[in-house]
Amino acid sequence: MTLDRFFNHVAFVVLMIATFLGFQSVWGLLFIYWTVPNFRHGQAFLLYPVTRSRDPFQFWLIQIAWIVFGLFMIAADFFPTYAP
């Protein structure tokens with residue numbers, strides 16, 4: 001098994017355990033992590049690939065949404081009184 005497959009397996013198990021235990025911050029970190037390669041490659045994914053060069057407005061909306069969702073999910077674990 002290659003190292004990237006191993007990390008995918010571990011990440012999947014961690015995400016499932018976090019979901020079962022109600023920890024949203026792990027998903028929030030994943031949302032923010034997903035934006036890093038998007039910035040680097042200029043391509044985001046919603047239902048289909050969205051490129052920064054072809055549709056910059058939608059690309060940036062997706063990036064901002066992933067970052068905001070990620071921050072909200074992280075904040076929900078640290079400030080539960082403000083979470084819905």
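Please keep in mind that the model is predicted.

Let's start with helix α1. It covers residues 3-21. That makes 19 residues. From the first C-alpha to the last, α1 reaches 27 Å, close to the 27 Å expected at 1.5 Å a residue. L21 belongs to this helix. Just after α1 comes G22, with a positive phi of about 85 degrees.

Now the surface. Which residues form a nonpolar patch there? They are F12, V13, M16, I17, F20, L21 and F23. Together they have about 760 Å² of accessible area.

On to helix α2. It takes in residues 25-41. Here we have 17 residues, reaching 25 Å from first C-alpha to last. The expected value is 24 Å, so α2 comes close to it as well.

Which residues of α2 are buried? S25, G28, F31, T35 and N38. Around the axis they cover an arc of only 130 degrees, so they sit on the same side of α2. The other side of α2 has exposed residues: L29, Y33, R40 and H41.

Hold on to F31, because it leads us to the aromatic rings. A pair of rings is described by the distance of the centres and the angle of the planes. The count here is 7 aromatic pairs. One of them is F31 with W34, an edge-to-face pair. The centres are 5.5 Å apart, and the planes make 90 degrees.

How far apart are F31 and W34 in helix α2? They are 3 residues apart, which means about one helical turn between them. In general, an α-helix has 3.6 residues a turn, so residues three or four places apart point the same way.

Is F31 buried or exposed? F31 has 15% relative accessibility; buried means under 20%, so F31 counts as buried. W34, at 38%, counts as partly exposed.

F31 has another partner. F31 and F69 also form an edge-to-face pair, with 6.5 Å between centres and 70 degrees between planes. What does this pair tie together? F31 lies in helix α2 and F69 in helix α3, residues 56-78, so the pair links parts that are 38 residues apart in sequence. F69 is partly exposed, at 41% relative accessible area.

Last, the whole group. F31, W34, W66 and F69 form one aromatic cluster.

Terms used: Residues numbered from 1 in each chain as written. Predicted model: local features only at pLDDT ≥ 70, side-chain atom pairs only at ≥ 80, totals over all residues. Heavy atoms only, no water. Patch = residues over 30% accessible without salt bridge, like charges linked within 9 Å, V, L, I, M, F, W, Y side chains within 5 Å. Areas by Shrake-Rupley, 256 points an atom, 1.4 Å probe, with all protein chains shown as cover. Salt bridge = Lys/Arg side-chain N within 4 Å of Asp/Glu carboxyl O. Helix = DSSP H or I, 4+ residues; strand = E, 2+ residues; numbered from the N terminus. Phe/Tyr/Trp six-rings, centres within 6.5 Å; stacked < 30°, edge-to-face > 60°. Buried < 20%, exposed > 50% of the residue type's maximum accessible area, 1.4 Å probe, protein only. Arc of directions from axis to C-beta.
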